Structures are given as structure tokens and as C-alpha cells.
Amino acid sequence: MTDLRTHAAEIAEQFSDHLDVDEDDIEERLDNLVNEYKVPVDEARRSVVNHYLDEAGLERDAIRSGGGGSQAVQVSDIDEDEQWVDLTVKLVELWEPRSDSISQVGLLGDESGTIKFVSFTTSELPELEEGAVYSLQNVVTDEYQGRYSVKLNRTTTITELDEEIEVGDDSVSVEGAFVDIQSGSGLIKRCPEEGCTRVLQNGRCSEHGNVEGEFDLRIKGVLDDGNEVQEIIFNKEMTEELTGIALEEAKQMAMDALDTTIVADEMAEDVLGRYYRVSGPTLGRYVLVNEFEQLTGPVDAEAVLIKARSM
């Protein structure tokens, strides 16, 4: 079976409960996008899935992602979005929803750490209670500003368990010289669609296609203590505090220069070569910065800047 045929079979299986779809038609759509228009396979697949979602009048969370069922994981294992997973977690805290479309929002945890969850009103799920422990099957992972979360959807199965979980603390503290600001830092745009916060690439969301994005700030960087390097992410609030550049000021800078990259360049001038201690939860290979302080550290500033320019 060819790769495109495999993708077609998986898409057909995804929609088998909702539409009468034909694998040959799906494969033809994929082939047209991949071979005629030179669209990458993953993007072609998303485009075809979105077509059938529109045809069926469904939201994305109404179907499973391709490639099989959900997998039991711990909170700290979640480091990729759009994955279907099973969790056994304690509801640590509930927050006040900011939208009528959200039924519940809060913090879940297990022995490995904590993670935000969202349950949408349209999913019509039973409400969770603070302090209770649940088995959650078929939840979808999501990512925003380097922070991962899970979405409960209409296919999620909720089972309350008569057991206790000791919720772990997944925060770490690292320090080192700020030696690199990675691509995707500075003034960025995110998808404005409800429930989607993906960073746009050339004005496109990987799920929703061409959209008019919403501006945001972030820094993806690297600390080096001389022995090891650690990748870190500053969200909008932390970026503003670190650099002194607010979102509105960054937008004006980009407008004046007709170039958004000037913001990341300005931020690099402010932070590269300086020594910092940061703390926050680990998210995959990143530390999401909740707190930071600038140190007078054991750094050869000239050597650090030489290293930074070579990266």
C-alpha cells in the first residue's frame, strides 16, 4: 500500500461514522495536492480532513486523529499538539471560564506534574469536581506559547476513580548565558480561530489555512552554563518584562520598519550575552519561564557573543 493510500484509508476510517466516503476519492484529492500542487503530505492531509469536516458539519475534535487510538500517558509526557491521549489525573483547581463556549477550565495533575484542561460547552460532558480523580480517555493535546494543555471533547470518556493522586511539581530552575534567540521569536501572529492558538507560517495556520492572525510576543531562546544548554520560552508577559518592549510598541516598531524581524533583533541586542536564572515547568525540551532574574554570572561576555553569532 502506498503512503497516500495509507493516509486515505486512515481518513476514511476517521469519517466512517459520519460520512459515506470513498478511499479512492480521498487518495485522488491527496494525490492532486501532493503531486500537482507540491503541497507537503501532512498539509495535504490536513486540507483533505478539513474538507470532509466542512462537508459533515463537524468540529475537528469530533473525530480521532489518524494512526490508531489514544495512548495512556503521564502529564509530563505531553510535548506535541493534536495527539489523542488517555490520562489518570486529579482535578487540582477550577478557573472561571472567560467565554460562554467553555464549560470548564482548570488544572489537572498527576505524579509527573500539572496541565491545563478545557471542556467546551458543545461537548455536553459531565462537570468535573475539584479534588476528584478521573480517568479521561480520548482527550486532545494542544499548545499555546510553549505551554501544553488538553481539550475534552464529545468523544472523551470520563470515569471518576476512588483513589488518591499525589500531584507532582514539574518546575525546574536553570541558569546560564543567553546565547541564542531562535526562529519564531519576537513579534509573531497566532491563529484567531476559537480553540486554536497556533503560530502562523507565512499567514497560514496548519489547521485553518490562510487567516488574519492576531499579534503576540514570545522569545524562544537558549541558555548555556558552559556544560549544558537548555532551551527556554518566554510568553508575552515574561517577554515584555524581560525586554521592556510591550506588544503595542513592538507592533509600532515593525510598522515603522516595514519588517517584523526588527523586533527579535532588538530583543537579541538586549539579552544576548547576559546571564540569567529562570524557573518554570518543563514542556518537552523547553522550560516555560514563569520567573527569571539577571545575574552577574561566571560569563566571558565576549566569548558568549562569539558563540551566539555562530549558532
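The model is predicted: local features need pLDDT of at least 70, side-chain atom pairs count only at pLDDT 80 or more, and totals for chains, interfaces and linings use all residues. Residues are numbered from 1 along each chain as its sequence is written, and side-chain values use heavy atoms, with hydrogens and water left out.

Next, select α5 itself, residues 247-257; helices are DSSP runs of H or I with at least four residues, strands runs of E with at least two, numbered from the N terminus. Its buried residues are Leu247, Ala250, Met253 and Ala254 (buried: under 20% relative accessible area; exposed: over 50%; partly exposed: in between; 1.4 Å probe, protein chains only). They lie on the same side of α5 because they cover an arc of only 120 degrees around the axis, taken from the directions from the helix axis to the C-beta atoms. Glu248, Met255 and Asp256 are exposed on the other side.

Now display β9 (186-190), β12 (214-224), α4 (236-243) and α6 (261-271), which are among the elements covering the buried residues of α5.

Then colour the largest nonpolar core, of 24 residues; such a core is a set of buried Ala, Val, Leu, Ile, Met, Phe, Trp, Tyr and Cys residues joined through side-chain atoms within 4.5 Å. Elements giving two or more residues to this core include β8 (171-181), β13 (229-234) and α5. Apart from it lies another core, of 19 residues, including Ile78 and Leu108.

Finally, select Asp42 in helix α3 (residues 41-56). Asp42 counts as exposed because its relative accessibility is 52%.

Conventions
Contact means heavy atoms within 4.5 Å.
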